[in-house]
Amino acid sequence: MTTYKLLLLPGDGIGPEVMNEVQKVADLLGQAGVAKFETETGLVGGSAYDAHGKAISEADMGLAMAADAVLFGAVGGPKWADVPYDVRPEAGLLRLRKDMQLFANLRPAICYPALADASSLKREVIEGLDIMIVRELTGGVYFGEPKEIIDLGNGQKRGIDTQIYDTYEIERIGRVAFELARKRNNKVTSSEKHNVMKSGVLWREVITALHKRDYADVTLEHQLADALGMQLVRWPKQFDVIVTDNLFGDMLSDVAAMLTGSLGMLPSASLGEADAKTGARKALYEPVHGSAPDIAGKGIANPIAMIGSLAMCLRYSFGLGDAADKIEKAIANVLAHGLRTADIRGDARSIISTEQMGEAIREELQKLVA
Ligand code: NAD
């Protein structure tokens with residue numbers, strides 16, 4: 001049995017509480033003979049700042065670079081509101097993304113039937129929803145130079161951000177989207193604003209050429225980003241994989257996230273370039289939610305997004321799609337039995353704790369892997 005090296009970075013707030021449940025799921029999979037994990041734990045965010053005066057230590061960065069995958073909890077909180085900007089908790093995550101060159105952010109939006117009523121949209125619009133947003137994460141307007149505020153000298157200032165995309169950046173994110181679509185429902189919707197942006201014109205050209213050259217078997221459509229925003233809330237089930245840039249992806253993935261109800265349910269993956277020889281990618285998996293300081297330490301956080309992040313890790317980093325399916329099935333079963341943490345309580349009569357939710361998922365998983 002292959003041994004996979006996992007680095008756990010629980011972080012701050014509810015991060016350690018939900019990561020604890022992931023560690024137990026990984027242990028169960030090990031005992032059941034599904035896969036063997038060698039886990040190490042490091043510090044990131046405010047907890048790393050308290051220990052080392054930095055948002056992540058060089059030693060933990062080294063572990064992250066050497067790991068087969070990194071599981072990340074969440075960082076931040078009021079305790080660190082006034083620490084210097086370059087060592088603020090979020091700097092730890094940004095450093096990981098930068099050094100590991102994680103250019104592809106995958107955010108699935110899946111609606112579990114048992115939770116369809118938690119969405120602000122009608123049940124028939126979202127029940128059974130399963131879409132994947134692929135967002136470019138290391139380029140575009142968040143990083144382009146010049147990026148500044150200049151004084152115009154006449155009582156006015158000018159704020160400047162620059163949207164830049166090169167062919168190779170569009171091609172590599174396009175490849176991730178097409179490859180994913182092949183393993184799903186074989187459709188990619190590419191989104192930009194070529195009607196008003198030159199980077200959008202290039203984005204469309206490059207994706208169209210890549211499709212023609214290497215992925216003609218996948219259905220490709222293009223939608224302007226504003227129109228896609230409308231379509232996401234009108235009829236989201238028309239989509240399979242959506243690929244878009246950093247800025248539009250930031251917004252559209254948040255819209256898609258809320259289609260499904262709660263932040264506590266949503267995993268994500270960030271992937272780097274595939275190694276030319278082995279095909280392995282650097283990868284970091286994390287829940288979409290933050291450190292939730294308002295509920296930290298109360299033992300009531302929903303661990304499903306974090307456990308779902310482990311499922312994504314098994315599927316995308318280790319090729320253990322079957323085990324990933326089983327984790328997701330265990331989650332669906334627990335929800336179908338009516339078990340709820342506070343954030344997804346709906347009109348459930350009783351709610352369960354983080355630990356109880358973790359335990360219920362492991363009980364279901366145990367049956368599925370037996
Ligand atoms: P948040 O996601 O932490 O919380 C938003 C709301 O959702 C809160 O009411 C919280 O209690 C609830 N919530 C979030 N996750 C939950 C879970 N698993 N179970 C139950 N309820 C859950 O966002 P925020 O309040 O805007 O930010 C809090 C801190 O987290 C800030 O310091 C922010 O910078 C940081 N943050 C970090 C990340 C990250 O680490 N990737 C992402 C977003 C925010």
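Glu21 sits at 1% relative accessibility in this predicted model, so it counts as buried, the cut-off being under 20%. Its partner in a salt bridge is Lys24, with the closest N and O atoms 3.3 Å apart. Lys24 comes out as partly exposed, at 25% relative accessibility. Both belong to helix α1 (residues 15-31), and because they are three residues apart there, about one helical turn separates them.

Arg135 is buried at 10% relative accessible area, while Asp250 is partly exposed at 25%.

Lys187 and Glu221 make another such link, at 3.8 Å from N to O. Here strand β8 (residues 187-192) supplies Lys187 and strand β9 (residues 219-224) supplies Glu221, 34 residues apart. Across the whole structure, the search finds 25 salt bridges.

What about the nonpolar side chains? The largest nonpolar core has 70 residues, and Leu71, Leu106, Val134, Leu314 and Ile327 have the most contacts inside it. Helix α10 (residues 304-316) gives the largest share, eight residues. Domain 1 (1-103 + 272-370) and domain 2 (108-264) each contribute at least three residues to this core. A second, separate core holds 17 residues, including Ala109, Ile133, Phe239 and Leu259.

Conventions. Residues are numbered from 1 along each chain as its sequence is written. This is a predicted model: local features need pLDDT of at least 70, side-chain atom pairs count only at pLDDT 80 or more; totals for chains, interfaces and linings use all residues. Side-chain values use heavy atoms; hydrogens and water are left out. A nonpolar core is a set of buried Ala, Val, Leu, Ile, Met, Phe, Trp, Tyr and Cys residues joined through side-chain atoms within 4.5 Å. Buried means under 20% relative accessible area, exposed over 50%, partly exposed in between (1.4 Å probe, protein chains only). Helices (H or I, at least four residues) and strands (E, at least two) are DSSP runs, numbered from the N terminus. Domain bounds come from an automatic or database domain assignment. A salt bridge is a side-chain nitrogen of Lys or Arg within 4 Å of a carboxyl oxygen of Asp or Glu.
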